[in-house]
Amino acid sequence: MAEKKKEFIDTVVSVDRVTKVTKGGKRFSFSAFVVSGDQEGNVGIGMGKSREVSSAIAKATVRARKNMIAIAKRGTTIPYSVKGKHGAAEVEIRSAYKGTGVIAGGAVRAVMLAAGFKDVLAKSTGRSRCGKNVAKAALNALAKCRTASQIAKLRGKSVEQLVKG
């Protein structure tokens, strides 16, 4: 039986230069923030620090793949509108009709594409524009999504009983 290897989409959201001032001078290192996903509803974020940019990105990618969470999908969109918050960053994500595309900016767009959503509307409404916090807020919002079968299982009912009321 041939084992199918997962294909991951990795997006570098930001690379920052960090300076440590010592008695002997300044020491430069790099901090990378990466979003990784398999486009099938699994997405994760990770940070990595190193003296070189490439190894910082590699560390962040490994951490992002370790910290993946499963997200409920309904076709090419999310099941319902959700809001997520992290620090001062707030993100509102809405489901959209087929063919709408991913209408989101920056870090939220990276999270949506990595998770595999093709039709979704997103808006960053908080006071923070920091890419790291906005991405964490988007992940927080997506983690709240549940499918109808998951909600029915939590309540101890069938999906038909939920629909009837």
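**Notebook: a predicted protein chain**

I counted five helices and eight strands in the protein chain; helices (H or I, at least four residues) and strands (E, at least two) are DSSP runs, numbered from the N terminus. The model is predicted, with local features needing pLDDT of at least 70 and side-chain atom pairs counting only at pLDDT 80 or more, while totals for chains, interfaces and linings use all residues. Residues are numbered from 1 along each chain as its sequence is written, and side-chain values use heavy atoms, with hydrogens and water left out.

**Entry 1. The whole chain**

I read the order of elements from the N terminus as β-β-β-α-β-β-β-β-α-β-α-α-α. I then took the extent of the C-alpha trace, which spans about 70 × 50 × 35 Å along its principal axes.

Of the 165 residues in the protein chain, 36% are buried. Here buried means under 20% relative accessible area, exposed means over 50%, and partly exposed lies in between (1.4 Å probe, protein chains only). I also looked up contacts, defined as heavy atoms within 4.5 Å. Among the contacts in the protein chain with a separation of 6 or more, 57% are between residues 24 or more positions apart.

I checked the charges next. The protein chain has 33 positive and 11 negative charges, and their mean positions are 8 Å apart. Lys and Arg count as positive and Asp and Glu as negative, whereas His and the chain ends are not counted; the place of a charge is NZ of Lys, CZ of Arg, CG of Asp or CD of Glu.

I traced an open sheet of four strands in the order 1-2-3-4, with antiparallel pairing. Strand 1 (9–22) and strand 4 (69–70) are at the edges with a single partner strand each, so one side of each has no neighbour in the sheet. Two strands pair if DSSP finds at least two bridges between them.

I went through the pairs in turn. Strand 1 and strand 2 run antiparallel and are joined by 13 bridges; T19 stands opposite F28 in strand 2. These two strands form a hairpin with two residues between them. Strand 2 and strand 3 are also antiparallel, with eight bridges, and S31 stands opposite K49 in strand 3. Strand 3 (residues 42–50) is joined to strand 4 by two bridges, again antiparallel, and V43 faces I69 in strand 4.

I then looked at what packs on the sheet. Helix 1 (residues 53–66) does so, touching strand 1, strand 2 (25–37) and strand 3, and its direction makes about 145 degrees with that of strand 3. For this angle, axes are lines fitted to C-alpha atoms, for helices over the stretch in contact, and angles run from 0 to 180 degrees between N-to-C directions.

**Entry 2. The turn at Q39**

I found four residues between strand 2 and strand 3 in their hairpin. Q39 is in the loop between these strands and has a positive phi of about 60 degrees, although it is not a glycine. Q39 counts as partly exposed because its relative accessibility is 39%.

**Entry 3. M47 in strand 3**

I placed M47 in strand 3 and noted that it counts as partly exposed, at 31% relative accessibility. Not counting residues up to four places away in sequence, M47 touches S31, A32, F33, A60, R63 and K132.

**Entry 4. Helix 2 and A114**

I noted that helix 2 (residues 106–115) is mostly covered, with seven of its ten residues buried. They are A107, V108, A110, V111, M112, A114 and A115. Just after helix 2, G116 takes a positive phi of about 100 degrees.

I followed A114, which lies in helix 2 and counts as buried because its relative accessibility is 0%. Leaving aside neighbours within four places in sequence, A114 contacts I9, V35, S36, G37, D38, Q39, N42 and V43. I also recorded A114 and A89, which are 25 residues apart along the chain and have C-alpha atoms separated by 20 Å.
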